[in-house]
Amino acid sequence: MQIWVIQTLNSLSLGGLLFMLSSGFALIFGLMRIANLTHGALFMLGAYVAATVVRAGYGLALAALAAAVAIAIVGGLIERLILRRLTGNPQGQVLATLGLSFVAADFCLMVWGGDPIPINTPAMFRTPLQLLGLSFPTYRLFVLAVSIVSAAALYLLIERTRLGAMIRAGVDDMQMARAVGIPASRLFTTVFCLGAGLAGLGGAIGGPIFNAYPGLDGEMLPLALIVVILGGVGSLVGTFVASFVIGFVYTFGIALAPDLAYVILFLPMVVVIAFRPTGLFGRAIT
Amino acid sequence: MTQRAWLPPLVLLLCLAVFPLFAGEYFVNLGSQVLVAAVFASSLNLLVGYAGLTSLGHASFLGLSAYISAWLAVRMGLGHAVTAPAALLLTTLIGMAFGWIALRATGLGFLMLTLALSQIVWGVGFRWVSLTNGDNGLSGLTRPQPFGWNLEISNNYFWFSLIVAGLSVFLMSRFVDSPFGASLRGTRDQPRRMSALGFNVWAIRWVAFVVSSFFAAVAGLLYVYFHKYIHPSVMSISVSAEALLSVIAGGSGTIAGPLLGALLVVVMKNYASAYIERWNMLLGFVFVFIVIFMPNGVVPGLRHWTRHWRKDSP
Amino acid sequence: MSNRREFLQATSGAAVTLALPGLASAQARDDHVRIGLMTVKTGPLASGGIDMERGLNMYLAERNNMLAGRKVQLFVADTGGTPANAKSKIQELVELNKIHVLIGPLAAFEALAIDDYLRAQKVPTLSVAAAEDMTQRKANPWFVRASSSSAQCAHVMADHCAKTLKYKRMALIADDIAYGQEMNAGFQRVFEDAGGKIVQKLFPPLTAPDYGSFLAQLKTNVDAVFLGFAGSNGFRFVRQFNEYGLRDKVAIVGGMTALDESVLRNMGDEALGIQTVNWYSAELANPLNVKFAAAFRKQFGYDPGYYGAATYVNGAILEAALNAVGGKAADRDGLMAAMRKTDILSARGPVKFDSYGNVVGDVYIRRVERKDGRLVNSVVKTYPNVSQFWTYDPKAFLANPVYSRDWPPAKNLES
């Protein structure tokens, strides 16, 4: 009984983390139809930036903010300098982001070296939460809370602000959106910055759990892909729900059948694209 | 084909044939690796360049073929005469199944599906230890001795690879120049029109997928014979990505493109890493550069630039 | 027409690129001793790989780059941690750079990938990689290993847990790779032979960033859990272990790479008191190590660990062997024989090789303590003269299957 409770909590917190990871990817994919394969590297870069800030003595909150801003800027540069030259060439965009992920990963190795850099859990979250005779890391529940708040904030942004209206219009029909005067160019840059910033934020928030280390990008990217595809392109609700579905599938799957870890992880994605391309909530990706 | 179009490939083949006679063993071995990469990249090009389907999971076919051959040799003690056709056959069958799944989508969906399928194969390779020996890989493999020809000698292996690679590339070029190849290019450029004309676009693509997986399996055999060792990392995304880079860099939609691209990537990887510590970053930059400035690849890109200098470009 | 142009350009491109080697190959100097270092400087294994280079460079620099009266030319190859690259790099080192001796590789699968090549080319190799069978069932005559086989140190820790710490019930957890499996298997064997019971074995995937799911499954009615992790996974596990409140319920003991110095420097109080086993500690009191560790710390700002010490010790072995053959590095058979007959004192203590090429030396139980404001692995106990076979008869040992997830069979597992 106890194990099920802990695994459920694990699933929820992993789901929250996955949402923090995937929301940026979903946003960019949904609006710009760019599968940003640099996303994992941006997440990792966010973790490294946060680690550096925390090591310098500042708190996690400031570190997370710094990471989000720094990565948002990087995202903006990527969009302006590179992706912009490849408009109308989706294959080129995917490949360019793939190349950039190599660059970003090697950059992290160059600057921070090969050792994993821990991010210390903020002092207030260090003692485990005691619940029904079990202990559970308080920080993970905090991450869950942060993800729910982020989801709510993003939802409000998309549904209630002007920027959100422009994004929704663009997701629905980019050409029409342009025709009614939405500045596509600026919108794209803004959204890419936002998506990248979310990746950086995710890396910072996930830092105390994963730490910053070389290879983090390669582990995170497939998860983001799986979540977004499962949830459905263009749907933030889909990404949110899918994050938790995958959180459960992964946590319980790996406990019950560890040998099939990768199969369990990727099978939903295969099934979705092959048999229900709209995912749980979204529209078809092709 | 124009009258003497067979001349340049023949010249190239002859140059390569005499190459081992004046190059050191290291370069001969490097050449063998280039040939393996060339076959692999060419097989991927059938999908990317001629069918217009970008795949990020091609390494799974290379790996499956290599593993099947290795497994049958090590665990069942079978000789190469059996393991080679078995590996090719089984991998192609898996290619048929994967193709059926992956072609439920096109474009980005297809890319994701190939990626997912390849990750599943990769994960199974690592975790199903009783089958694949997991992270230790399968070692103790041998090279075949076709008609008593000792392929353990580097020069011999180079010539063997050259023959296999030459034959494969030739067959692939006949394939794309055939009427089927023309319809394949049609589905790449104008799928709806082709469909309207009564072509079964899905079936055409599926056939291309299967043929491409077959040639990837051939590359897999060349690979495992060369290394005499197989490890699950051969089925990772980076291997697929490198092949994709070779195709894009050299020029998709041409026969020579992937060959040149494979040469570039293999040489750069081996060479650059000896002299430049940040060669991964260099690889990434080269990737981005080629995608932006030479989107059709180096071969057409160079042609385009040299056109500015020459007045007599046809 | 365009086809022909393409081919012409392809051919000329090929010709030019293939000619490049002639222009730019690193000239191998005939009068030098040419050493190849095969390591990993990019990718997840980079941290150990960079230390390997540092350790060796330090050894050579202390001797003004001269061994046995001859100048040394060092070729460093970065394999990126993939077996295919390992193969390319060894070919480069042997065929292009014409090395006399190889130090490395780092990872077990790299060693396996180049095994037959080393045999064919007769390259004396001082390995760092821990793959068991390289010095057991498939012993390579050109291969010696001065670090440890995967289970060599695990046997020691099992003995320590059973006899000194008096643990009765333990759980084992390690990365799901051969190294982790071999280590756990060795531990299980000695622990159960000494009367203990292994009641749980867990093997998270190597690339699991999160151990929550496994920590939930970990039994709390055990005395301790043994960590067979490599690299940063051990450190991550310990942190998450504490966060799940398991610290007061279950003790942790670790294998040789679980809390290596390179990982320890990034940890905090959560590591205090944890005992691990290794063939080295930066705190070893022998004069050679006191000098080495201090110099390493001064130059790089952190203590040497498994990887830095491995190549430093390999340097010492190589020097002794070269001295024994009068500096004639080109005499491969002579050099190899001299290496196998090594009997020296090094930074890790005394080093000898058994007939299979694996080291017989001292193994240390260490405990994490805070000293001079930093965390160190203080030596608590020394087990002298430990071989890869522990106290088992080598022939009987080798008649058994290689250590794996399923061998020895775990008879005391509880669900």
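Q: The radius of gyration is taken over C-alpha atoms, and the globule rule is 2.2 Å times the number of residues to the power 0.38; what radius of gyration does chain A have?
A: Residues are numbered from 1 along each chain as its sequence is written, while chains are lettered from A and ligands numbered from 1 in the order in which they are written. Along the principal axes, the C-alpha atoms of chain A fill a box of roughly 60 × 45 × 35 Å. A compact globule with 286 residues would have a radius near 19 Å, and chain A agrees with this, at 19 Å.

Q: Which helix of chain B has the lowest confidence?
A: Chain B as a whole averages a pLDDT of 87, and 94% of its residues score at least 70. Helices (H or I, at least four residues) and strands (E, at least two) are DSSP runs, numbered from the N terminus. Where pLDDT is low, the predicted coordinates should not be read in detail. In chain B the highest mean, 95, belongs to α10 (residues 201–227), and the lowest, 69, to helix α14 (residues 298–307).

Q: What percentage of the residues in chain A is buried?
A: Chain A has 11 helices and two strands. A residue is buried if 20 or more other C-beta atoms lie within 10 Å of its own, exposed if 12 or fewer, and partly exposed in between, with C-beta atoms placed from the backbone. Among the 286 residues of chain A, the buried share is 60%.

Q: Is Val237(A) buried or partly exposed?
A: Val237(A) belongs to helix α10 (residues 236–256) of chain A. Its C-alpha atom is 24 Å from that of Met176(A), 61 residues away along the chain. Because 15 C-beta neighbours lie inside 10 Å, Val237(A) counts as partly exposed.

Q: Which residues touch the most other members of the largest nonpolar core?
A: A nonpolar core is a set of buried Ala, Val, Leu, Ile, Met, Phe, Trp, Tyr and Cys residues joined through C-beta atoms within 7 Å. Two residues are in contact if their C-beta atoms, placed from the backbone, lie within 7 Å. Beyond its neighbours within four places in sequence, Ala50(A) contacts residues including Ala63(A), Ile119(A) and Gly207(A). Within the core of 352 residues, the members that touch the most others are Ala50(A), Ala67(A) and Met157(C).

Q: Which element gives the most to the side of chain B that touches chain A?
A: This contact takes 33 residues from chain B and 35 from chain A. On chain B, α5 (107–127), α11 (237–250) and α13 (279–293) each supply at least two residues. With 14 residues, the element that gives the most is α5(B).

Q: How many charged residues does the side of chain C that touches chain A have?
A: Here 24 residues of chain C are in contact with 32 residues of chain A. On the chain C side, α8(C) gives the most, with five residues. By class, Ala, Val, Leu, Ile, Met, Phe, Trp, Tyr, Cys and Pro count as nonpolar, Asp, Glu, Lys and Arg as charged, and the others, Gly among them, as polar. The side has nine nonpolar and 11 polar residues, and its charged residues number four.

Q: What is omega for the cis peptide bond between Gly104(C) and Pro105(C)?
A: Pro105(C) sits in the loop between β4 (101–103) and α4 (108–121) of chain C. Another cis bond of chain C runs from Trp407(C) to Pro408(C), with omega near 0°. For the bond joining Gly104(C) and Pro105(C), omega is about -5°.

Q: What is phi of Lys166(C)?
A: Lys166(C) lies in the loop between α5 (152–163) and β7 (169–174) of chain C. With 9 other C-beta atoms within 10 Å, Lys166(C) is exposed. Although Lys166(C) is a residue other than glycine, its phi is positive, near 60°.

Conventions:
This is a predicted model: local features need pLDDT of at least 70, side-chain atom pairs count only at pLDDT 80 or more; totals for chains, interfaces and linings use all residues. pLDDT is the predictor's confidence in each residue, from 0 to 100.
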